[in-house]
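Hi,

Here is the structure I promised to pass on. Have a look at it first, and then read my notes below.

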Amino acid sequence: MLSEREVISTLDMVRNEHLDVRTVTLGISLFDCVSHDVELFIGNVRAKIAQYASNLVAVCNEVGDKYGIPVVNKRISVSPIAAVAAPFSPRDMVRVCQALDEAAFEAKVDFIGGFSALVEKGFARGDCALIESIPEALATTQRVCSSINVASSRSGINMDAVALMGRQILATAAATADKGGFGCTKLVVFANIPQDVPFMAGAYLGIGEPDVVINVGVSGPGVVKKAIDRAIEKGRSSGRPLNLLDVAEVIKKTAYKVTRVGEMIGNEVARRLNIPFGVADLSLAPTPAVGDSVGEIFQSCGLSVMGAPGSTAVLAMLNDAVKKGGSFASSSVGGLSGAFIPVSEDSSIEAAATSGFLSMEKLEALTSVCSVGLDMIAIPGDTPATTISGIIADEMAIGMINHKTTAVRLIPVPGKGVGEKVSFGGLLGEATIIPVPRGDASGFISLGGRIPAPIHSLKN
Amino acid sequence: MQKLSISFLGKDGPGIVATVSQGLSDNNCNILQVTQTILGAEFAAIFIVDAPDELTINFLQDKLEQALGRDQHDISVLIRQASHGAWSKQVSCQPYVVTTDGTDQPGLISTMARVFARHNINIENLKAVLGHGGEDHALFVFEIEVPENEDIGRLNREIHSAGRSLKLNVSMQHRDIFEAMHRITDF
């Protein structure tokens with residue numbers, strides 16, 4: 001027999017607090033699809049994706065209905081295309097990207113990730129072709145996401161790749177200028193990219209992963225915010241106000257609950273598809289909907305706005321408490337597993353950036369204590385490529401030194417400047433263009449080469 | 001030995017279970033299962049007991065009523081031969097939780113219960129939470145056992161349609177989700 005509290009609490013979380021499963025992502029290895037012939041390769045890829053993904057959406061919906069918890073997004077991640085399509089030219093890479101887009105459309109998923117290259121220590125032939133093809137590939141497709149890993153704690157930072165990505169981000173924005181540089185919303189530059197991320201745009205299936213696997217992204221920040229608000233109100237009315245230790249405890253317990261939901265639903269989807277279950281990614285991923293925002297959690301914790309002094313401390317506590325609760329709830333935690341702070345995708349963070357409380361510098365500081373990085377930030381269209389590369393290099397350095405994942409997803413909006421708005425629609429939201437740090441990085445970026453991997457002892 | 005089912009219903013107060021269990025013990029009845037609940041001022045309990053073959057239902061009823069009267073408990077007693085075989089053990093079922101919430105009104109439970117009956121679904125537990133969402137608001141929680149051969153999608157649609165006819169918010173969820181979220185269990 002269930003208690004009243006158990007039933008009411010679950011109902012409230014589903015109806016009023018956006019409790020859901022953010023994404024079920026089907027990972028598919030494409031290593032057995034390789035061929036010297038691009039047509040044959042594309043045929044193999046389409047066949048394999050169709051074989052495993054044709055029932056994905058239907059099964060996710062069935063399992064979601066069974067438990068009364070919606071699976072909001074169904075997605076696919078594949079092996080890094082730069083590796084499995086290594087012999088091909090940039091022109092062929094565009095065709096491969098278009099084939100992935102069509103496969104995603106057929107499977108009725110909204111995104112497919114894995115148009116990716118791992119170049120932290122150097123470029124292979126496929127890496128060069130893939131990166132060269134990115135502007136056209138992303139401009140001519142809707143659903144494909146691209147990620148380029150340019151740094152790691154073991155290998156250091158490939159500064160040639162950093163320089164190149166600065167230019168390619170601008171070229172991708174130019175190729176999608178009619179849509180506000182939309183192509184860049186599907187392009188991320190990483191340090192220490194995990195192999196099993198279910199969230200876009202960084203999802204790809206790593207080389208050490210199974211042939212096919214189901215990874216799950218758990219519910220978003222709305223549930224955590226409401227739990228904190230409820231506990232604070234209860235504490236106030238009972239004459240025992242909460243302190244931060246209590247708040248961390250509330251976050252931990254809530255993370256436990258949402259992770260249990262994600263893991264249970266992911267496991268059942270995997271079982272029904274006869275595919276192994278991989279990981280639950282604990283990341284709090286916001287959406288533009290009010291009440292589903294990471295930024296609002298800062299206000300629940302007593303800050304006037306995200307970006308106010310104390311914000312980095314709140315984010316550190318939030319991120320850590322989520323990991324603690326989630327790790328107890330599931331033995332299969334993986335992916336990014338931290339709070340996301342994507343500016344355009346979170347209405348509260350966007351408002352803080354628009355009103356000047358959140359600058360690029362403060363966002364960079366925040367990324368040192370959370371996943372994933374400088375995410376979905378609109379910058380002026382005339383930003384020099386070397387400035388973008390400089391921002392990437394800084395963010396990669398934070399990831400490399402701290403042994404964590406960091407990433408950069410900047411959108412230089414063609415023809416627009418600071419203070420102007422750009423809208424990407426749907427989950428990607430809208431943003432006001434914020435200024436980039438002043439100063440010139442061109443001499444530094446033109447040096448090229450590699451920043452060596454950091455020492456792994458003498459930790460102070 | 002015979003198995004008897006003994007129900008008690010009446011005004012709640014301290015000492016009822018003490019009187020009843022003493023009365024059963026005095027008549028050599030061994031309690032096998034028991035459940036009790038309190039609703040408002042009412043007490044209700046069902047005991048399933050092993051009783052000696054020679055003990056008649058009428059004799060036991062008299063003894064228990066006398067004991068309750070002596071201790072000044074206003075409680076009715078009903079005794080019958082216990083039924084065999086729990087329904088949910090005979091049919092392979094999945095446990096679901098259906099909730100309806102909205103303005104309290106007559107016919108609410110019967111509308112939902114008719115849908116369950118039509119699909120051969122057993123209600124294992126039914127609870128009303130009044131006033132949770134304000135005055136006149138009623139939340140009903142039906143814990144049900146759904147035969148495994150039922151079409152869950154169709155059942156879900158019928159339950160929602162019944163709820164809509166009464167302007168209620170309706171949800172139907174497998175029970176495991178509540179267990180997973182709120183309870184820590186062994187492997």
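Predicted model: local features only at pLDDT ≥ 70, side-chain atom pairs only at ≥ 80, totals over all residues.

**A helix pair in chain A**
Helix α3 (residues 56-67) of chain A packs against helix α9 (residues 244-273) of chain A at an angle of about 135°, and their axes are 10 Å apart. The angle falls between 115 and 145 degrees, so α3(A) and α9(A) count as oblique to each other. The crossing of α3(A) past α9(A) is right-handed. On the α3(A) side, the contact is made by Leu56(A), Val59(A), Cys60(A), Val63(A), Gly64(A) and Tyr67(A), and α9(A) brings Ile265(A), Glu268(A), Val269(A), Arg272(A) and Leu273(A). Sorted by class, that is eight nonpolar, one polar and two charged residues.

**Where chains A and B touch**
Chain A puts 17 residues into the contact and chain B puts in 21 residues. On the chain A side, α1 (4-16), α3 and α9 each supply at least two residues, and α1(A) gives the most, with six residues. By class, this side of chain A has nine nonpolar, two polar and six charged residues.

**Chain B as a whole**
Chain B has six helices and eight strands, which run β-α-β-β-α-β-α-β-α-β-β-α-β-α from the N terminus on. Its C-alpha trace spans about 55 × 40 × 35 Å along the principal axes. The radius of gyration of chain B is 20 Å, whereas a compact globule of 187 residues would have one near 16 Å. Of the 187 residues in chain B, 25% are buried.

Best wishes

Conventions
Residues numbered from 1 in each chain as written. Chains lettered and ligands numbered in written order. Axes fitted to C-alpha atoms, helices over the stretch in contact; angles between N-to-C directions. Helix = DSSP H or I, 4+ residues; strand = E, 2+ residues; numbered from the N terminus. Parallel < 35°, antiparallel > 145°, perpendicular 65-115°, else oblique. Left-handed = near helix turned anticlockwise from the far one by under 90°. Contact = placed C-beta atoms within 7 Å. Nonpolar A, V, L, I, M, F, W, Y, C, P; charged D, E, K, R; others polar. Rg over C-alpha atoms; globule rule 2.2 N^0.38 Å. Buried ≥ 20, exposed ≤ 12 C-beta atoms within 10 Å, placed from the backbone.
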